[in-house]
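Thanks for coming. I have one model to go through today, and I will keep it short.

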Amino acid sequence: MAQYTLASLLILTTAYDPLTVNIGFAVLAGIITWFAVPALSEIFIKAGLKGMDLCKKSKQIIPESMGMVAGLIYLVVMFLFIPFPFMKWFAASQDGRQEELALLTFPHLKLAELLSALLSIQSMVFLGFADDVLDIRWRFKMPLPAIAAIPLLVVYWVNAGVTYIVVPIPLRPILGHLIDLGVLYYIYMGMVAIFCTHSINIMAGINGVEVGQSLVIAVSIALNDILFLQSSSSSAPAIETHLFSLYFILPFIGVSVGLFIHNRYPSRVFIGDTYCYFAGMTFAVVGILAHYSKTLLLFFIPQIFNFLLSAPQLFRLVPCPRHRIPRFNRGTGLMEPSRVILDQEAFDEEPLTIIKPRHGTQHLHPQQQMTLRRSASTASLGGSTQTGSSSHTLQESALPADPPSRSVTPPPGQLTPSSSSPSLFSFSPSSLIPSKSRHSPMPRTSLKRSGWICVKLLEALGLTQVRYDAQTGQRPIEMTNLTIMNLILLKAGPMSEQNLTLSVMLVQTICSAIAFIIRHQLVIYVYDVPS
Ligand code: UD1
Ligand code: MG
């Protein structure tokens with residue numbers, strides 16, 4: 001009896017403090033996700049929701065789309081949480097003397113914000129799951145987040161409707177103090193929703209990286225909210241919006257931690273597009289409704305960089321294979337930059353860099369095996385362009401296959417004979433960037449001029465590594481895929497999958513630290529009133 005009284009007292013006292021309740025729900029959601037994910041794995045596999053880990057020696061089948069479990073648990077706890085921010089009005093309405101006052105002052109728009117935000121997140125969980133099951137084409141799935149954000153934008157219009165931006169101090173003599181963007185502001189917010197969801201989905205593909213980066217962003221958002229809540233200069237509306245942001249972010253951190261335990265290296269579950277969309281929309285929701293979309297974008301610096309780097313492939317200026325994830329080298333067990341074929345014709349014409357030894361590959365020196373696999377994997381990865389066909393077939397095709405066996409004569413300067421086997425050749429670093437190609441006019445290539453310019457520019461900036469044809473040294477044959485993960489491997493050298501995920505999380509954390517410095521220190525040089 002005493003325990004029940006104590007529990008009731010605890011509930012009654014905390015019920016009036018929504019933040020405490022929210023923290024409780026966040027912890028609860030994390031624990032439930034932690035237990036529910038392995039418990040439901042078998043059911044997902046039976047339902048055909050499974051994928052192959054492309055970066056492992058064993059062809060292990062892993063349950064896919066487990067972000068659905070995290071998303072559902074998140075939605076359930078958020079639905080349960082809905083009454084708590086309004087508890088004092090509910091309590092007052094029970095009191096005959098205050099009933100009228102409670103009805104008059106009830107914050108209907110706050111409730112509408114909460115409900116529309118949950119509707120948008122729920123829609124994205126649903127669309128992400130549909131993408132996992134149906135493998136929706138990029139051109140169709142690209143605008144979906146903006147459509148899912150419409151309920152949110154309508155409530156934004158009814159509620160605040162603020163569509164002006166404060167001009168940074170240095171630009172005020174030209175542009176004035178405020179610019180009203182009008183309808184453009186809503187388009188901008190729709191773009192924020194699109195960007196947040198897809199940018200996480202394209203910075204993906206190695207164990208734990210999607211949840212890892214989302215966790216760093218979510219913790220950064222929570223810290224930013226806490227800083228505002230602690231600050232004595234924060235206005236009442238600012239406190240309210242940052243509190244609102246915390247209500248959404250804390251349970252998200254909870255379910256993400258529960259999922260990360262199973263998704264980190266070595267992954268026992270994949271999170272699927274469901275989680276990427278769910279995470280991105282949750283961030284977009286808090287950025288839009290708590291009015292700090294610019295600060296939010298500061299926490300997305302690595303994703304913005306990855307998007308800009310990926311743009312030539314995303315917009316098909318250069319070929320984009322189905323999977324751009326770094327390549328797993330089975331010989332060394334390390335991750336290496338994956339490559340895409342730029343010019344299939346030149347690639348086919350090119351004398352092969354490898355000769356299959358008479359007795360197969362099993363007796364080769366590991367370095368030689370690596371060379372064989374690299375070429376084989378390049379061919380399979382680069383050969384399949386992203387056409388929206390079944391992910392499972394494509395994942396299989398991305399696995400290293402046996403290399404073709406054609407004998408070759410190595411052209412001078414481009415291929416160096418392996419020291420241990422006269423019949424096997426490996427790339428020499430000098431073959432990757434021939435000096436005479438740098439200043440040449442555009443050679444005959446199946447690349448479009450814009451694509452060729454992109455390749456040269458990215459190469460000059462050190463953002464990709466290009467291999468040219470052996471004969472002229474001018475036709476780009478293949479290059480490393482344009483992603484932040486491949487770039488990390490290019491600069492830091494091959495590393496384990498686990499270390500690569502940690503590197504991405506470290507980059508994300510450093511960028512968050514820079515974002516905090518910009519937002520809380522340098523802002524005084526750009527804006528006079530911290531908002
Ligand atoms: C996006 C990327 C694609 C990348 C893929 C990896 C673009 C345009 N698309 O495509 O380049 O290869 O994400 O998720 O940039 N997988 C692993 N290990 C992991 C996680 C995933 O091997 O830790 C593989 C599994 O086979 C899994 C598949 O990736 O089934 C999921 O890929 P999917 O989410 O369908 O790819 P996209 O989002 O379309
Ligand atoms: Mg994906």
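This is a predicted model: local features need pLDDT of at least 70, side-chain atom pairs count only at pLDDT 80 or more; totals for chains, interfaces and linings use all residues.

Residues are numbered from 1 along each chain as its sequence is written, chains are lettered from A and ligands numbered from 1 in the order in which they are written, and side-chain values use heavy atoms, with hydrogens and water left out.

Which residues coordinate the magnesium ion, ligand 2? They are N201, through OD1, and D273, through OD, at 2.0 to 2.1 Å. Donors here are N, O and S atoms within 2.8 Å of the metal, or 3.2 Å for Na, K and Ca; water is not among the atoms, so sites may look incomplete. N201 sits in helix 11 (residues 183-201) and D273 in helix 14 (residues 272-289), so the pair ties together parts 72 residues apart in sequence. Helices are DSSP runs of H or I, at least four residues, numbered from the N terminus.

N201 has 12% relative accessibility and therefore counts as buried; D273 is buried too. Buried means under 20% relative accessible area, with a 1.4 Å probe and protein chains only. Leaving aside neighbours within four places in sequence, N201 is in contact with W138, K141, D273, C276 and Y277, contact meaning heavy atoms within 4.5 Å.

Next, M68, in helix 3. Its C-alpha atom is 9.2 Å from that of D273, 205 residues apart along the chain. M68 counts as buried because its relative accessibility is 17%. With neighbours within four places again left aside, M68 contacts F44, V125, F129 and T274.

Helix 3 (residues 67-81) also meets helix 13 (residues 236-263): their axes come within 10 Å and cross at roughly 145°. Axes are lines fitted to C-alpha atoms over the stretch in contact, and angles run from 0 to 180 degrees between N-to-C directions. Residues making this contact include I73 and F81 of helix 3, and F248 and L259 of helix 13.

In helix 21 (residues 449-460), the buried residues include W452 and L458. G462, with a positive phi near 75°, follows helix 21.

Definitions and conventions:
Helices (H or I, at least four residues) and strands (E, at least two) are DSSP runs, numbered from the N terminus. The expected span of a helix is 1.5 Å times one less than its number of residues. Buried means under 20% relative accessible area, exposed over 50%, partly exposed in between (1.4 Å probe, protein chains only).
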